[in-house]
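Please read them with the structure open.

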Amino acid sequence: MGMLIEGRWSEEDRIHSAGAFVRPASVFDQEPRPEMIEGLGGEPGRYVLIASLSCPWSQRALILRQLKGLASTVPIHIAHGPRAEGYSANGGAPWIVPGSAVAILHLHQLYTLSHPAYSGRSTVPILWDSLDRRIVSNESAVIMRAFDAVQVDPLAPDLTFLPDRLRHEIEELNAQIHAGLNNGVYRAGFAETQAAYESAVQEVFATLDSLERRLSRQRYLLDTTITDADWRLFPTLVRFDAVYYLLHKCCRRRLVDYPALWAYARDLYAWRGVADTVDFQVMREASFANDTSSNANGIVAVAPDVDWHAPHGRQRLGPARAALRGGGSVEIEPATLTVKA
Ligand SMILES: N[C@@H](CCC(=O)N[C@@H](CS)C(=O)NCC(=O)O)C(=O)O
């Protein structure tokens, strides 16, 4: 895949250890700074979210941007195009870096503009500060936390997907789901030995089985209150049958074979703005065409024949609720994101 080593692009790959895929930690990983949280809501255009529609980690950030009403203050740039030196910035055409006069072709150039001697992977999503001309975060979890902390409309209820009272439980669930599923599907797909693949697949399905049991009894991961944990799980579920099942050989069962998880995924898909972050065509094309190590001819698999708009019927498990930052929660109409009286 290639990476930057002391500011220079190298085709070297340092992400396998004894045949197993090891996801590198993000070097910009940090807690969001208070002035950044203020700027996200109060300085329209200063922060730009650079994302890819094929990338589940980008999608988490895109979802939070929609749900927190940040579409008017945080512009997005969707990186696309053939992978040469990692992600193309703009389909092979020059892209002017916001806040500068510099034109770039590859996203790794954003990393070196920000940190000239950067060593590490050049990943999306990226939160770019066009005033200071630097990457403030390349870690989806941090970007989600920053977006969550913003209240754009001071008159609207201050909703949070990371309420303090549930934080511990959310973090525990996130860690389990990340290891077993979000990253598990990549450990399966990028494994270089049979043993590494089988152990990853076993964990993927053990995690899905346990989520199926949980979601048969309750509407969302933490009962009726939707949280950060649900929004982190969704991008993996939405890709499961179209990409991971076939390309990453996670083929013991499909999402549609899990009645509760499949209906739950459609419930999340119906929240206002979430479907706008899903592009099945781009997701399949980018995944199949770029993963030439396991798909040498770059043939893009056809789409599974499923209906993401079918009624999910999850209301029978309780109304959808969202937490308020000050404590307590409110009932929400997911399709409009309005608070129910
Ligand atoms: N920890 C990062 C991981 C992001 C990540 O791995 N993104 C993938 C795309 S889905 C990427 O940019 N890969 C390019 C690479 O690893 O070189 C996050 O959650 O933001």
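1. The chain splits into domain 1 (3–153) and domain 2 (164–339). These bounds come from an automatic or database domain assignment. The model is predicted: local features need pLDDT of at least 70, side-chain atom pairs count only at pLDDT 80 or more, and totals for chains, interfaces and linings use all residues. Residues are numbered from 1 along each chain as its sequence is written.

2. The centres of domain 1 and domain 2, taken over C-alpha atoms, are 22 Å apart. Domain 1 puts 18 residues into the contact and domain 2 puts in 27 residues. Two residues are in contact if their C-beta atoms, placed from the backbone, lie within 7 Å.

3. On the side of domain 1 that touches domain 2, β4 (20–21), α2 and α4 (140–148) each supply at least two residues. Helix α2 gives the most, with eight residues. By class, this side of domain 1 has nine nonpolar, five polar and four charged residues. Here Ala, Val, Leu, Ile, Met, Phe, Trp, Tyr, Cys and Pro count as nonpolar, Asp, Glu, Lys and Arg as charged, and the others, Gly among them, as polar. Helices (H or I, at least four residues) and strands (E, at least two) are DSSP runs, numbered from the N terminus.

4. Next, the sheet. Four strands form an open sheet in the order β6-β5-β9-β10, with mixed pairing. Strands β6 (76–78) and β10 (134–137) are at the edges with a single partner strand each, so one side of each has no neighbour in the sheet. From one strand to the next, the twist averages 35°. Two strands pair if DSSP finds at least two bridges between them.

5. Strands β5 (residues 47–51) and β9 (residues 126–129) run antiparallel and are joined by four bridges. Leucine 49 has leucine 127 in β9 as its bridge partner.

6. Helix α2 (residues 56–67) lies across β5 and β6, at about 140° to β5. Axes are lines fitted to C-alpha atoms, for helices over the stretch in contact, and angles run from 0 to 180 degrees between N-to-C directions.

7. Which residues of helix α1 (residues 34–42) are buried? They are Met36, Gly39, Leu40 and Gly41. Buried means that 20 or more other C-beta atoms, placed from the backbone, lie within 10 Å of the residue's own. The buried residues of α1 pack against β5, β10 and α4.

8. The ligand is surrounded by 13 residues, and the closest are Cys55, Trp57, Arg121, Thr123 and Ser140. A residue counts if its C-beta atom, placed from the backbone, lies within 6 Å of the molecule. The shell around the ligand holds six nonpolar, five polar and two charged residues.

Notes
A residue is buried if 20 or more other C-beta atoms lie within 10 Å of its own, exposed if 12 or fewer, and partly exposed in between; C-beta atoms are placed from the backbone.
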